[in-house]
Amino acid sequence: MDFSAINPLVLLASIMVASTPIVLAAIGELVVEKAGVLNLGVEGMMITGAVCGFVAAVLSGSPTVGFIAAAIGGALLSLLFGILTQFLQSNQVATGLALTLFGLGLSALVGQGYVGIKAPPTPDIHIPLLADIPVIGRIVFQHDLMVYFSIALIGVVWAVLKYSRIGLILRAVGENHDAAHALGYKVVRIRLLAIMFGGACAGLGGAYLSLIRVPQWTEGMTAGAGWIALAIVVFASWRPWRVLLGAYLFGGVTVLQLNLQAAGIAIPVEYLSMSPYLITILVLVIMSSNRNRAALGAPAALGRSFHASS
Amino acid sequence: MDTTLLAVENLTKAYPGVVANDSVSFTVRPGEVHALLGENGAGKSTLVKMIYGLVRPDSGVMRWNGQPYEPATPHAARRTGVAMVFQHFSLFEALSVAENVALGMEDPPKMGELSARILEVSDAYGLPLDPERLVGELSAGERQRVEIIRCLLQDPKLLIMDEPTSVLTPQEVEILFETLRKLSAEGTAILYISHKLEEIRSLCDGATILRLGKVVGTCDPREKTARELAELMVGQTLHTPSRESEALGDVALELNSLNLKSANPFGTSLKDVSLSVHAGEVVGIGGVAGNGQDELLAALSGEILAAPDAITLNRAAIGGLGPNQRRKLGLLTAPEERLGHAAAPDMSLTENAVLTGTIREGLTQNGFVKWGAARDFANSIIEAFDVRTPGPENAARSLSGGNLQKFVIGREVLQRPDVLVVNQPTWGVDASAAAAIRQSLLDLAAKGAAVICISQDLDELMEISDRFAALNEGRLTPPRPAKGLTVDEIGLMMGGAHDMEVSHVEA
């Protein structure tokens with residue numbers, strides 16, 4: 001066992017990279033759930049985004065085009081979910097699960113000819129001055145643009161939900177769709193837009209995996225990241241900044257266990273690989289133990305389908 | 001210039017299988033308080049939804065100050081000057097008062113400014129309200145203030161109020177009427193929907209009476225008696241439940257300082273509730289909604305467990321027993337929510353009969369349901385309680401509110417309970433079904449069962465109760481004989497003005 005092989009600087013710096021896909025997917029799902037819709041298809045939308053982004057980036061040679069394609073791919077897949085649940089009144093849980101299975105299959109089909117190819121590189125940006133700060137500069141200010149985009153997105157979602165009228169209407173729809181309808185708000189339209197935003201975010205998260213984190217295409221490469229994103233929304237009690245915290249916590253444990261594996265620690269690898277998921281479950285249990293507080297954060301109309309019957 | 005603000009002419013709206021409004025016409029003048037009177041299902045709500053732009057009429061026209069008025073959405077109606085206070089469904093519990101108000105406005109000012117205006121208007125109309133509080137923490141009366149202030153901030157010409165007093169204490173009703181009279185004096189027309197006749201007689205200048213979607217009369221309610229109005233509304237003479245008074249038996253059910261924490265974050269915990277109910281007695285429990293009624297029912301039914309000694313049935317401690325064990329011992333309950341709590345909406349009446357009747361009626365054997373016996377039991381309920389349905393194989397959802405209510409009450413009554421607890425037994429039920437349900441509760445008591453009736457309908461409680469107690473913030477007042485209680489005494493028992501001080505309503 002050789003702990004000196006673990007470089008704490010590299011470890012901390014890689015936490016931000018490891019967490020970004022989950023940050024993106026979770027903040028998208030947070031908006032969807034705030035609008036009162038439970039989309040369990042995050043995993044399927046992520047992997048679809050991963051393959052769309054990878055294919056587009058390889059064909060065009062530009063990672064930017066890849067990310068845009070990933071967002072569109074994720075949004076289109078989520079639109080399918082939106083039409084099924086919002087217009088055809090299908091059950092949200094069953095449809096979301098089906099969406100995950102569909103996305104996994106579709107992405108395997110689309111990505112068939114792309115296994116083993118390397119994605120065009122995305123440059124890290126060196127923020128002048130800040131990047132040169134000793135230690136902190138290395139950990140925080142020398143990443144690719146998407147890392148900062150994901151943090152900015154958290155800030156934007158927080159501000160929109162808290163301060164803007166559209167955010168208020170979104171929360172109102174998720175809180176009590178009958179009342180929102182009675183006041184004349186378009187419940188179905190608002191929910192569709194939220195679902196598509198969630199799909200686009202999940203797509204970006206998937207593309208971050210296939211274009212930057214790995215960067216390659218392999219089948220099923222999201223490996224449960226979408227489910228973790230779903231759990232983190234609950235963990236965060238539907239608050240944006242806590243989503244960031246939860247995702248970084250999960251990313252941190254993931255990176256740490258990889259490093260421990262590399263250092264040859266005497267615990268079987270399987271237990272280490274399990275640890276991020278175990279810790280997520282543990283934290284969820286602790287967070288939910290106070291039922292009243294957990295219930296306060298949850299949108300009251302979450303998962304209930306709406307039909308304008310009057 | 002004629003003085004009609006809103007004229008409704010020959011408005012018709014049909015839904016599949018039912019004509020909700022059939023050629024309805026009436027007019028409202030500026031400053032008039034106009035009542036729309038009718039039973040549940042008479043078409044009042046559909047009519048005002050058309051005026052508020054939520055529902056499009058099939059035919060007929062509306063005029064606003066003589067101009068054609070066709071609101072496509074509530075936004076359009078609000079821009080014209082129509083505002084509406086809903087009976088339910090229009091507040092968001094997890095949002096603050098100011099946010100709730102902003103959602104009902106066309107172009108709300110910034111939050112800080114809005115809070116200031118809420119304080120200003122609430123002060124001017126004597127409706128104190130804190131803009132920062134969460135609506136989920138407010139009492140029913142305070143919630144209604146939120147809705148009223150939301151309307152007032154938009155300077156409405158016509159204010160629609162859909163059954164506004166159904167959740168208020170008598171004192172709160174007085175404050176509301178004070179506000180409405182003030183508004184009417186300032187020239188705002190008010191369209192007031194209710195089936196409470198005395199209220200309409202004291203508040204309204206004109207009334208349009210609806211029955212089964214048609215206008216059956218217009219009148220000045222101040223010149224009619226409540227009885228005349230009721231008969232116009234129902235279209236028949238009403239039968240008043242009656243009972244012979246019986247000697248009371250032993251104590252059947254006793255609550256000893258029952259304390260219980262609510263499972264709902266916005267619910268009310270029960271605090272030190274004590275009550276004893278004798279065999280052959282009907283105890284009425286009143287109180288404004290949300291003061292612990294649901295929790296009390298859950299504690300009695302066994303959905304929430306309590307300390308074993310806190311609840312005793314025929315002197316046996318049952319606080320720690322679940323619903324089925326209590327049923328076996330003779331304590332039956334019928335909760336308030338028909339669809340989803342008292343009955344499973346998509347299951348047939350037979351299946352619903354099995355759900356609570358299986359223990360006392362012996363409807364299962366070795367884990368198998370005896371469907372023949374179950375069907376007979378369901379049929380006997382349908383017959384004994386005059387439930388209008390083609391047969392017991394129909395889904396509970398397909399029954400009208402009154403018929404399903406007769407079924408769920410009948411299902412418990414026919415199981416010969418020692419103690420029956422009902423919550424809101426006649427909520428949303430038409431007058432003749434309500435009378436039948438009340439009569440069945442009285443008959444049950446006459447046969448020696450103890451009955452606890454939790455309700456927000458004070459008239460109902462006064463009609464059937466031997467003793468009356470009130471829930472207020474989870475505390476139960478000591479019960480008093482119902483005979484001879486005055487409205488003022490009842491109001492005080494219900495918590496007086498319920499933290500609504502009658503503050504500075506100056507003309």
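Predicted model: local features only at pLDDT ≥ 70, side-chain atom pairs only at ≥ 80, totals over all residues.

Me: Why is the pairing of Arg150(B) and Glu147(B) called a salt bridge?

Reply: The term asks for a side-chain nitrogen of Lys or Arg within 4 Å of a carboxyl oxygen of Asp or Glu. The N to O distance between the side chains of Arg150(B) and Glu147(B) is 3.7 Å, and therefore the pair qualifies as a salt bridge. Over all chains, the structure holds 18 salt bridges.

Me: What makes Arg171(A) and Glu99(B) a salt bridge?

Reply: The closest N and O atoms of Arg171(A) and Glu99(B) are 2.9 Å apart, which is within 4 Å, so this pair also meets the criterion. Between chain B and chain A the count is one salt bridge, alongside seven residue pairs in polar contact, both residues being at pLDDT 80 or more. On the side of chain B that touches chain A, the elements giving two or more residues are α2 (74–80) and α3 of chain B; by class, that side has 19 nonpolar, four polar and seven charged residues.

Me: How many residues does each chain bring to the contact, and how much area do the chains bury?

Reply: Chain B contributes 30 residues and chain A contributes 21 residues, while about 2,000 Å² is buried between them, 62% of it on carbon and sulfur atoms.

Me: Why is the space lined by Ile232(A), Phe235(A) and Gly246(A), among others, called a cavity?

Reply: A cavity is a set of points where a 1.4 Å probe fits but cannot get out, and the space in question is so named because it was assigned to that class. This is the largest cavity, with a volume of about 80 Å³, and the elements that give two or more residues to its lining are α10 (225–235), α11 and α12 (269–288) of chain A. The lining divides into eight nonpolar, two polar and no charged residues. In total, five cavities of 30 Å³ or more are counted.

Me: What lines the second largest pocket, and which residues lie nearest its centre?

Reply: The second largest pocket is lined by 33 residues, with Leu161(A), Lys162(A), Arg171(A), Leu95(B) and Glu99(B) nearest its centre. Elements giving two or more residues to this lining include α6 (145–163) and α7 (165–175) of chain A and α3 (97–103) of chain B. The pocket holds about 970 Å³ of space, and its lining residues are 18 nonpolar, five polar and ten charged.

Definitions and conventions:
Residues numbered from 1 in each chain as written. Chains lettered and ligands numbered in written order. Heavy atoms only, no water. 1 Å grid on protein atoms, 1.4 Å probe; cavity = no way out; pocket = protein on both sides within 12 Å on 5 of 7 lines; lining within 4 Å. Points joined across faces, edges and corners; volume = space filled by probe spheres on them. Helix = DSSP H or I, 4+ residues; strand = E, 2+ residues; numbered from the N terminus. Nonpolar A, V, L, I, M, F, W, Y, C, P; charged D, E, K, R; others polar. Contact = heavy atoms within 4.5 Å. Buried area = accessible area lost by both parts, 1.4 Å probe. Polar contact = N/O pair within 3.5 Å; in protein donor to acceptor, adjacent residues only side chain to side chain.
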